[in-house]
Amino acid sequence: MNKSEVIIIGSGLGGLCCGVILSKSGMKVRVVEKEPHAGGCLRSYRRDGVTFDTGIHYIGSMNEGEILRQFMRYAGVEESLTLQRLDTDAYDVVGIDGREVAFAQGDERFVERLCDSFPHERDSIRRYTAAVREVGEVIGVERLRQGVISSGSLQYMSLSASEVIDSITRDEHLRRVLAGTSFLEDGIRNYTPFYHHAMIQHSYIRGAYRIADGSSRWAEALCRTIVDNGGEVRCGDAVTEVLHADNAVTGVRLASGETCFADTVISDIHPAVLLPMIAPGSRIREVYVRRINNARNSMGVFTLNLTLDGALFPYLNRNYYLHSSGSSVWRNREEERLSDVVVCAMQATVHDSGRRGMSLMMPMSYAEVEQWADSHVGRRGEEYLDFKHRTAEGLLRRAECRFPDLRHAVLASHTSSPLTYRDYTGTHCGSAYGMMTDCRNVMTTLLSPSTKLDGLYLTGQNIAVHGALGVVMSALSTCGALLGEAYVAHQIGDI
């Protein structure tokens, strides 16, 4: 038996950021990860001479003075990463109906580049940019220095992204372009909050970067900080039970048989996976359990990772969102598939091998792979392999419409489905972004970091905006609930 002050279940970005904050605040931290390697969706891997990212292909709010850069500096990881800024005039390119429109970094540049394509919509574009900025500025370094993690603009949580965009302009093509990266939030018409859309868009406008040597470097650096502060990151073991007495957490039991005692447990895993681990007798009500189990989760992602001959296909320092002609950029809530979109993201590998990497991604529902749900990686059978081959071929053909020379540059390829994502990152049903918030019913679909079981807290993409910035902010909120919001805000903002 042993005693830790804090046990963190899961080593995804949210769990590791909580571990950094709490360990830097003098608390003894133990992070427990069931997989052999830490990082969750931060993990990357090297194959065929190229490093491929698993879930985080680029990050925002990374310019000097922006909040994610500030957190990296506070965590002591900034110098450990090779950061590469995406094209300032086109970090994202949205292709719809044969026309391409670029999103640029910086508010004014963002407006001007859009006006190049929509010269008569300048006022509309400025209104959109101002609304995005209003949401994005509820967080920031200056807010932290005031002792505040987040404040204001929550009225945008109860307005759908589609509703706000449609109210800003009558130009249908501009509407589709402004929503053209809705893949990033699994955007559903009349469902996804504008708050989520704007927070993500604002972060990229304020500094879109790749981690050139792979997102795993970020996870590794966070783990080092935790260990340097006297904490532990244990991989290859799993929490099987959360223990409690008199409705207060007492510790956890591990798959290895060890019991670890602690007054605080933070869960960075999906709440639907956590709840069955809680020993009977807590004050967590059945209505809360039903709410979690019935929650809508985001789509998964099918990915085709390509190793390319760099001489035949040069590096593209931007991402492409390619929509089929006439397709919707939003998903209707009743539909199983998202809009017909392919996302093309290059891998900014620093290896001088003459090879390049490109990830082609498309949304995919769990229902499309559920027939193989009880199988394991590498042993799913010929029918599954045939399904992946057909899907990959269709994805490549669609990407070739924009990049005709792509196929000729391919040296090797491999694929992943929502099942792969589920098995390697532990995400519920392979969901890319976890639980979703319904703008029409915010209070029952938005989770608090605190729970009815004293000492049990939640963090990660399921309690806030997803994506790198959203998950980091969720860690700040979780630690703020434990240590005090002003204390946590000043710790990070005042460095």
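# Close-up views of a predicted model

The buried residues of helix H9 are Ser216, Trp218, Ala219, Ala221, Leu222, Cys223, Thr225 and Ile226. All the views below show a predicted model.

View 1. H9 covers residues 216-228, which makes 13 residues. From its first C-alpha to its last, H9 reaches 18 Å. That is close to the 18 Å expected at 1.5 Å a residue. Look for the buried residues along this helix, including Trp218 and Leu222. An α-helix has 3.6 residues a turn, so residues three or four places apart point the same way. Gly230 follows H9 and has a positive phi, near 95°.

**View 2. Helix H8, enclosed by the rest of the structure.** H8 runs over residues 194-205 and has twelve residues. Its first and last C-alpha atoms are 16 Å apart, close to the 16 Å expected at 1.5 Å a residue. Why is H8 described as largely enclosed by the rest of the structure? Twelve of its twelve residues are buried, so H8 is largely enclosed. Buried means under 20% relative accessible area. The buried residues include Phe194, His196, Met199, Gln201 and Ile205. What covers them includes strand E8 and the helices H3 (107-117), H4 (122-136), H6 (161-168), H7 (172-178) and H16 (467-483). After H8 comes Gly207, with a positive phi near 130°.

**View 3. Val138, a buried loop residue.** Val138 sits in the loop between H4 and helix H5 (141-145). Is Val138 buried or exposed? Its relative accessibility is 1%, so Val138 counts as buried. Beyond its neighbours within four places in sequence, Val138 is in contact with Arg143, Ile149, Ser150, Ser151, Gly152, Ser153, Tyr195 and Met199. Tyr195 and Met199 are among the buried residues of H8. For scale, take Thr169, which is 31 residues from Val138 along the chain. The C-alpha atoms of Val138 and Thr169 are separated by 24 Å.

View 4. Strand E7 covers residues 92-96 and strand E8 covers residues 99-103. The two strands run antiparallel, and five bridges join them. Ile96 stands opposite Arg99 in E8. In a regular strand the side chains alternate between the two faces of the sheet. E7 and E8 form a hairpin with two residues between them. Asp97 lies in this turn. Its phi is near 55°, a positive value in a residue other than glycine. Most residues other than glycine have a negative phi. At 36% relative accessibility, Asp97 counts as partly exposed.

View 5. Arg176 belongs to helix H7. Its relative accessible area is 11%, so Arg176 counts as buried. Which residues does Arg176 contact, leaving aside its neighbours within four places in sequence? They are Ile96, Asp97, Ser324, Gly326, Ser327 and Val329. Asp97 is found in the loop between E7 and E8.

**View 6. Asp246, an exposed loop residue with a positive phi.** Asp246 is found in the loop between strand E11 (239-245) and strand E12 (248-254). Phi of Asp246 is near 50°, a positive value in a residue other than glycine. With a relative accessible area of 76%, Asp246 is exposed.

View 7. The structure holds three cavities of 30 Å³ or more. His196 is one of the buried residues of H8.

View 8. The elements that give two or more residues to the lining are H8, helix H11 (286-293), helix H15 (442-445) and H16. Which element gives the largest share of the lining? H16 does, with seven residues. The lining divides into 19 nonpolar residues, eleven polar and four charged.

Note on methods:
Residues numbered from 1 in each chain as written. Predicted model: local features only at pLDDT ≥ 70, side-chain atom pairs only at ≥ 80, totals over all residues. Heavy atoms only, no water. 1 Å grid on protein atoms, 1.4 Å probe; cavity = no way out; pocket = protein on both sides within 12 Å on 5 of 7 lines; lining within 4 Å. Points joined across faces, edges and corners; volume = space filled by probe spheres on them. Pairing = 2+ DSSP bridges. Helix = DSSP H or I, 4+ residues; strand = E, 2+ residues; numbered from the N terminus. Expected span 1.5 Å × (residues − 1). Buried < 20%, exposed > 50% of the residue type's maximum accessible area, 1.4 Å probe, protein only. Contact = heavy atoms within 4.5 Å. Nonpolar A, V, L, I, M, F, W, Y, C, P; charged D, E, K, R; others polar.
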